Amino acid sequence: MSPRAACRLATLGFTRVYDYTPGKVDWLARGLPGEGTRADEPTAGSLARHDVATCPLDAAPGDVLRAIADSPHGYALVLSPGGVVLGRVRKSALQTLGDGDPIDTVLEPRPQTIRPHLTQRKLEERFEAYGFQTLVVTRPDGTLIGVVRRDEIVTS
Amino acid sequence: MTSINIADLQELIAAGAQVVEVLPRPDYEKLHLPGAISLPLAELNAETAQRLDRARDVVVYCWDGL
């Protein structure tokens, strides 16, 4: 929408027009402040926990299991060198591997991800509608912010 | 028209650019960038554009460019 608006302004004779294409999603993903009636609502970004275990794709199963043991979650998120979420590996699946086995054999490549600007109310709806226990909060470029848990969001 | 990133945006804001949200007004009322003006794309024409200062930089944005 903003590229069309920028072009429209150009046709109206404006010569100093810029398009912040990443938009409001990008702004909010960076934790920058907003204004408006819902500016103070808790969001996935503000509610996200940052204590999930992470590992690279070439990590040894034993190392990942130790990282999971040090976290309050039963899984680890596998990240690219740039921090993009590649998938999730569960503790129970890792325990079936030998320490020389690659963890990508038990990688779940598509954990449910959400954007950080999603409000708490929308989060509750998402948890209720789809039965998720955990959602992964990522930036628009796919990099990890944290995770939100159903038992901490859904109150009833 | 130039596509910019967050660093460019912050420089332009510091230099006095006008920041314009082009989403429908309800979206703006709920949440917008600090100091942004609401000028929905559907209402953007020669008359409404007079609210903007042609002598200053104008930065438009929506949710994610789509």
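R88(A) is buried, with a relative accessible area of 14% (buried is under 20%, exposed over 50%, partly exposed in between, with a 1.4 Å probe and protein chains only). This is a predicted model, in which local features need pLDDT of at least 70 and side-chain atom pairs count only at pLDDT 80 or more, while totals for chains, interfaces and linings use all residues. Residues are numbered from 1 along each chain as its sequence is written, chains are lettered from A and ligands numbered from 1 in the order in which they are written, and side-chain values use heavy atoms, with hydrogens and water left out.

R88(A) and E108(A) form a salt bridge at 3.3 Å, N to O (a side-chain nitrogen of Lys or Arg within 4 Å of a carboxyl oxygen of Asp or Glu). The two are 20 residues apart: R88(A) sits in strand β4, E108(A) in the loop between α5 (91–94) and β5 (113–114) of chain A. E108(A) is partly exposed at 26%.

## The sheet

Strands β2, β3 and β4 of chain A form an open, mixed sheet in that order (strands are DSSP E runs of at least two residues and helices H or I runs of at least four, numbered from the N terminus; two strands pair if DSSP finds at least two bridges between them). β2 (53–56) and β4 (85–90) are the edges, each with a single partner strand.

Five bridges join β3 (residues 75–79) to β4(A), and the two run antiparallel. L79(A) is opposite V85(A).

K122(A) and E125(A), three residues apart in helix α6 (residues 120–130) of chain A, form a salt bridge at 4.0 Å. E128(A) bonds to R150(A) in a salt bridge at 3.5 Å.
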